[in-house]
Amino acid sequence: MSQTIPMQEFASARKSARTEPAPVRFIIIALAVTFLTVFVVLPLVIVFTSAFSRGVGAFLNALADPEAFAAIKLTLIVAAISVLLNLIFGVAAAWAISKFEFPGKTMLNTLIDLPFSVSPVISGLVFVLLFGAQGLLGAWLQANDVHIIFAIPGIVLATTFVTFPFVAREMIPLMQEQGTSEEEAALSLGASGLKTFWRVTLPNVKWGLLYGVLLCNARAMGEFGAVSVVSGHIRGETNTMPLLVEILYNEYQFVAAFAIASLLAMLALVTLVIKIVLEGRLEGHHSDH
Amino acid sequence: MTIEVRNIVKRFGDFTALDNVDLRVESGELLALLGPSGSGKTTLLRIIAGLEWPDAGSISFDGENALARGAGERHVGFVFQHYALFRHMNVFENVAFGLRVQPRAVRPNEAAITKRVNELLDLVQLGWLANRYPSQLSGGQRQRIALARALAIEPRILLLDEPFGALDAKVRKELRQWLRALHEEIHVTSIFVTHDQEEALEVANRVVVMDKGKIEQIGTPEEVYDRPQTAFVHSFIGESIVLPVEVRSGRVRLGDKVLGIETNGAASGPSQLFIRRHDVSLEAPGNGDLEGAVRRVRAFGPIQRADVALQTNGSETMIEIDAPRDRELKVGELIGLKPKRYRIFAAVK
C-alpha cells in the first residue's frame with residue numbers, strides 16, 4: 001500500500017521528533033514569559049519608576065543625602081573586605097580539597113555549604129551570641145574596648161560568613177576537573193610550589209575565580225538578614241544600603257528608598273552582564289580540551 | 001647516570017603497590033617497565049621522579065641519595081601519559097617553562113631561551129607549531145611537545161609514563177621508532193612504563209617485567225621472550241599454550257599419559273607446561289607427545305591458527321596452535337603435536 005503524501009500534508013507534518021504541537025509550545029512559552037514579567041521585570045520597572053517618580057532632581061538629592069552616602073560607602077567597604085577574605089579562603093579551600101588528600105576533607109567540603117543552608121538571620125545571631133554584650137566573649141571585648149557587634153567588624157564578619165561558599169564552590173569542581181598532573185609537570189620541571197601556583201594553577205582557574213568573586217560581591221552588597229541582626233541600625237554609621245532602604249521605606253520616604261534600591265538593582269544588572277561574559281569565557285575554556 | 005633502586009616498599013592503605021623492589025639502571029640505557037595494570041610500574045616511575053615517596057627503601061642517582069631531593073631538584077624529565085601540557089600556554093611557552101622557572105642566578109637570558117626552545121622544537125620536528133595551543137594539537141604532537149618540554153631542563157634521566165598509551169595504533173608505531181631513534185641521538189638514561197609487550201620488546205634495551213608490586217624478571221627483550229623465568233612472564237609475554245601437568249620421578253605426565261619430554265630440572269609436583277604456540281611441530285597421529293583433533297582453522301598472513309582438542313583423562317583440553325600455511329589442516333583431522341621448545345613451572349597455588 002504505497003501512497004504519495006500530498007504536498008500540504010507533508011509540509012504540516014512535524015519537522016522534528018522533539019517539537020510539540022503549536023498550542024502546547026505557546027502555552028509553555030507564555031507561562032515562562034508571564035512568570036518572568038511578574039516576578040522579575042515588573043519589580044525592576046517599579047524600582048526605577050518609583051526612584052524617578054519625583055524627577056531626576058529628587059533622585060539625585062536622595063543619593064546626595066549624607067546618610068545615603070555613608071550607607072553606600074559602608075557597603076563598598078564591607079563588600080571589599082568580605083570579597084578579599086573570601087577570595088583568600090575560597091582559593092585555599094578549593095586548593096586543599098581538590099589537590100590534596102587529608103583527614104576531614106569531606107567534612108570541610110560539607111561545611112563550606114553551611115551558609116547556604118542556614119537562614120541569614122541565624123548567621124547574624126551566631127555572631128551576636130559570640131561577640132554581643134551578653135555573649136560568650138562579650139565581657140572580655142568590653143573590658144578591652146573592642147567593638148564588634150553594632151559596629152563595622154560585626155557587619156564584615158556576618159557578610160563574610162554568608163558569602164563564603166561562592167568562591168570556593170565555583171573553584172572546587174573546576175580545580176578537581178583539571179587534576180594535578182599539570183602541577184606535577186611544573187614541579188618536575190623545577191618550579192617551586194609558589195611558582196607552580198602563580199604560573200600554572202591560577203591561570204587555569206582565573207575565569208572561574210572571577211565568576212566566583214562576582215557572585216560573592218553581588219551577595220555581599222545585597223545581604224540584609226545577617227547584617228540586620230549585627231548592625232544595630234545606627235544611622236550614618238552602621239547602616240548598609242539594604243538596611244537603609246528598609247528604614248527609608250518604613251519612614252514613607254519612598255523616593256529615597258527606591259533611589260538607593262535602584263543602585264542595588266543596577267548592581268544586579270551589571271553583575272548579570274558580566275556573568276554572561278564570564279560564562280562565555282568559562283565555556284570556551286572548557287571546550288578547549 | 002645510573003639509578004640504583006633498593007628495597008623500595010610503597011603502600012596505599014592496605015594495597016601494597018611495591019613490595020621490596022630492587023633495580024639497577026645503567027647509564028644511557030633505555031629500559032621498559034612492563035606489567036599489567038596494578039603491577040606497580042607507574043608507582044615505581046613516580047617514586048624515581050620524586051612525585052611519590054616510598055615507605056621504605058632507597059634510591060640513588062650515581063651513588064647520590066635521590067630521596068634527599070624533591071622532584072624539582074632531581075633533574076628528571078617526566079613525560080605524562082596524558083601529556084599534562086600547560087593548557088593556557090602555547091607550545092613555545094610550554095617548552096620554555098622549565099627554563100623560565102629556574103632561579104635567577106642560573107636562568108638563561110631571553111635569547112638563549114628562544115634558541116634552546118627552537119632547537120628542541122626542531123628535535124621533535126614540530127617547530128612550525130610554536131604558536132599553537134595544546135588544544136589545537138593532535139595526540140601525537142602533544143606527546144612530542146611534552147617530550148621536548150621534559151628535555152628542556154637537560155634532564156639526567158628521562159621518565160615516560162605510558163608515553164604512547166593514549167594514541168591510536170598507527171601513530172603509536174611511528175612514535176615508538178621515533179623515540180628509539182631519539183634515544184640513540186641524545187643517549188640520556190631513560191625508563192618508560194608500558195603495559196604493551198610489543199612496545200617494550202621493540203623499543204627497550206632491557207625489559208623489567210613486573211607483577212603485583214614485584215619484579216618477575218629483568219632481561220633483554222630476547223631473554224624475557226625466549227627464556228622466561230616465571231610462569232607469569234611466560235604467560236604475560238607472547239602467546240602460550242598452558243597445560244596442567246605433573247612432574248613425578250623425572251617424568252612429565254599429562255593426565256594419565258606420560259609425555260616424552262625432559263623435565264629440564266623441574267621439581268616434582270603439580271606443574272604447568274608452557275609452550276609457545278609456534279613452538280609445536282605437527283606430526284602424524286601417534287608420533288607426537290600430544291595428540292588431538294582439529295576443531296577450527298583460521299588462516300591469516302603467513303600462518304594458520306588452529307584450535308586443537310587434546311584428549312586428557314577422558315576430558316578435552318582446547319589449545320590454540322600456530323602452523324605454517326603449507327601444511328593443510330582439516331577440521332576433524334587427528335594430529336600429533338611435538339613441543340620443540342617448552343618450559344615447566346611449578347603450578348601456582
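Which residue takes a positive phi in the hairpin of β16(B) and β17(B)? The legends below, which describe a predicted model, begin with that hairpin.

**View 1. Strands β16 and β17 of chain B form an antiparallel pair.** Strand β16 (residues 290–300) of chain B and strand β17 (residues 303–312) of chain B are joined by eight bridges, and within this pairing B:Ala299 lies opposite B:Gln304 of β17(B). Two residues sit between the strands of the hairpin, where B:Gly301 is the residue with a positive phi, near 60°.

**View 2. Strand β17 of chain B also pairs with strand β18 of chain B.** The two strands, β18 spanning residues 315–324, run antiparallel and are connected by 10 bridges, with B:Ala309 facing B:Met318 in β18(B). This hairpin has two residues between its strands, and B:Asn313 in the turn adopts a positive phi of about 50°.

**View 3. Chain A meets chain B.** The contact involves 17 residues of chain A and 18 residues of chain B. On the chain A side, the elements that contribute two or more residues are α11 (181–188) and α12 (193–222), and α11(A) gives the most, with seven residues. By class, that side of chain A comprises seven nonpolar, six polar and four charged residues.

**View 4. Chain A is divided into two parts, domain 1 (1–51) and domain 2 (55–288).** Taken over C-alpha atoms, the centres of these domains of chain A are separated by 39 Å, and their contact draws five residues from domain 1 and eight residues from domain 2. The side of domain 1 of chain A that touches domain 2 of chain A consists of four nonpolar residues and one polar residue, with no charged residues.

Note on methods:
Residues are numbered from 1 along each chain as its sequence is written. Chains are lettered from A and ligands numbered from 1 in the order in which they are written. This is a predicted model: local features need pLDDT of at least 70, side-chain atom pairs count only at pLDDT 80 or more; totals for chains, interfaces and linings use all residues. Two residues are in contact if their C-beta atoms, placed from the backbone, lie within 7 Å. Helices (H or I, at least four residues) and strands (E, at least two) are DSSP runs, numbered from the N terminus. Ala, Val, Leu, Ile, Met, Phe, Trp, Tyr, Cys and Pro count as nonpolar, Asp, Glu, Lys and Arg as charged, and the others, Gly among them, as polar. Domain bounds come from an automatic or database domain assignment. Two strands pair if DSSP finds at least two bridges between them.
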